[in-house]
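Try each task before you read its solution.

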Amino acid sequence: MAGLLFVYTQTSIQAAKRNAQQHREADGGQISWRNETLRRHGAIDTPGDKGTVRELVGKAREEVAVTVDKGKTEEEKIKARRGKRKEGGEEN
């Protein structure tokens, strides 16, 4: 149960940070409370696309994969993929 709560809080925090960053960028670097109010009442379109939790998790996995793969050569990456296929894992 604690693990589920941890994952939920981390995901919520990431989504809130991403949302705040999009609003700051749309307002020119600082949140405008007037524009925020207009957005919430439908007078202004919301900035950017709203991502789902699945998209956030997918992006996090890609970032982890990139950091892990940075030190490997192409040959090591191919061997790792082959090993995953033999074990029945995903090919990504």
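**Exercise 1.** Which side chain does a polar contact of 3.1 Å join to that of His23?

Solution. Start with the ground rules. This is a predicted model, where local features need pLDDT of at least 70, side-chain atom pairs count only at pLDDT 80 or more, and totals for chains, interfaces and linings use all residues. Residues are numbered from 1 along each chain as its sequence is written, and side-chain values use heavy atoms, with hydrogens and water left out.
- Find His23 in helix α1.
- Look for a polar contact (a pair of N or O atoms within 3.5 Å; within protein, one must be able to donate a hydrogen and the other to accept it, and residues adjacent in sequence count only if both atoms are side-chain atoms).
- The partner is the side chain of Arg39.

**Exercise 2.** Is His23 buried or exposed?

Solution. 
- Take the cut-offs: buried is under 20% relative accessible area, exposed is over 50%, and partly exposed is in between, with a 1.4 Å probe and protein chains only.
- The relative accessible area of His23 is 9%, so His23 is buried.
- Within α1, Thr11 and Gln22 are buried too, along with His23.
- Thr9, also in α1, has 31% relative accessibility and therefore counts as partly exposed.
- The side chain of Thr9 reaches the backbone oxygen of Phe6 at 2.8 Å.

**Exercise 3.** Why does the span of helix α1 agree with its number of residues?

Solution. 
- Helices are DSSP runs of H or I with at least four residues, strands are runs of E with at least two, and both are numbered from the N terminus.
- The expected span is 1.5 Å times one less than the number of residues.
- Helix α1 covers residues 2–26, which is 25 residues, so it should span 36 Å.
- Its end C-alpha atoms are 36 Å apart, which agrees.

**Exercise 4.** Which element gives the largest share of the lining of the second largest pocket?

Solution. 
- A pocket is an open set of points on a 1 Å grid over the protein atoms alone, where a 1.4 Å probe fits, with protein on both sides within 12 Å along at least five of seven lines; lining residues have an atom within 4 Å of a point.
- Of the 10 lining residues, the closest to the centre are Asn19, His23, Glu36, Arg39 and Arg40.
- Two or more residues come from each of α1 and α2 (33–40).
- The largest share, four residues, is from α2.

**Exercise 5.** How many helices and strands does the protein chain have?

Solution. 
- Count four helices and zero strands.
- From the N terminus on, the order is α-α-α-α.
- Of the 92 residues, 9% count as buried.
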